[in-house]
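Subject: Model handover

Hello,

Here is the structure for you to look over. Please open it alongside this message.

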Amino acid sequence: ADIPVIPDLEEVQEEELAMQMAAPPSVQVNRVLTYHDLDKDLMKYAAFQTLDGEVDLKLLTKVLAPEHELREDDVSWDWDHLFTEVSSELVTEWDLGQSERED
């Protein structure tokens, strides 16, 4: 009842391809610029001071906040405290919305 069958070459090649893994891509990792480097580049190159050659960004670059003003200390989160705080704010907003609808 069982007659041996010679597999087609295409079937064998498909199975071999299915079992092969592709090599991961090789990516060259470049150095990540710091805020300080970016600030120096922003002020050094005039190309960053105009947008599409029409919009003058000099005023914007003058009022950008310096890095030390943007740094914040890491604060650990307590899930129970955070959940309680958010849920109480949502309930308060919901109560205010209900009272406004009644008025």
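Below is what was found, from the overall layout down to single residues.

This is a predicted model, so to speak of local features requires pLDDT of at least 70, side-chain atom pairs count only at pLDDT 80 or more, and totals for chains, interfaces and linings use all residues. Residues are numbered from 1 along each chain as its sequence is written, and side-chain values use heavy atoms, with hydrogens and water left out.

Confidence comes first. The protein averages a pLDDT of 78 (the predictor's confidence in each residue, from 0 to 100). A score of at least 70 is reached by 85% of the residues. Among the elements, helix H5 (residues 79–102) has the highest mean pLDDT, 90. Strand E1 (residues 50–51) has the lowest, 66.

Next, the layout. There are five helices and two strands (DSSP runs numbered from the N terminus: helices are H or I with at least four residues, strands are E with at least two). From the N terminus, the order is α-α-β-β-α-α-α.

Then the surface. The protein exposes about 10,700 Å² (Shrake-Rupley method, 1.4 Å probe). Carbon and sulfur atoms supply 58% of that area. Of the 103 residues, 4% are buried (buried is under 20% relative accessible area, exposed over 50%, partly exposed in between).

Two patches turned up. Patch residues have over 30% relative accessible area and no salt bridge; like charges are joined within 9 Å, nonpolar side chains within 5 Å. A salt bridge is a side-chain nitrogen of Lys or Arg within 4 Å of a carboxyl oxygen of Asp or Glu.

- Nonpolar: Leu59, Leu60, Val63 and Leu64 make a patch of about 420 Å². Leu59 sits in helix H3 (residues 58–63). Its relative accessibility is 65%, so Leu59 counts as exposed.
- Negative: Asp8, Glu10, Glu11, Glu14, Glu15 and Glu16 form this patch. Asp and Glu count as negative. Glu10 lies in helix H1 (residues 9–19) and is exposed, because its relative accessibility is 60%.

Last, Pro66. Pro66 is in the loop between H3 and helix H4 (67–70). At 32% relative accessibility, Pro66 is partly exposed. Pro66 and Tyr35 are 31 residues apart in sequence, yet their C-alpha atoms are 9.0 Å apart in space.

Best wishes

How values were computed. Buried < 20%, exposed > 50% of the residue type's maximum accessible area, 1.4 Å probe, protein only. Charge placed at Lys NZ, Arg CZ, Asp CG, Glu CD.
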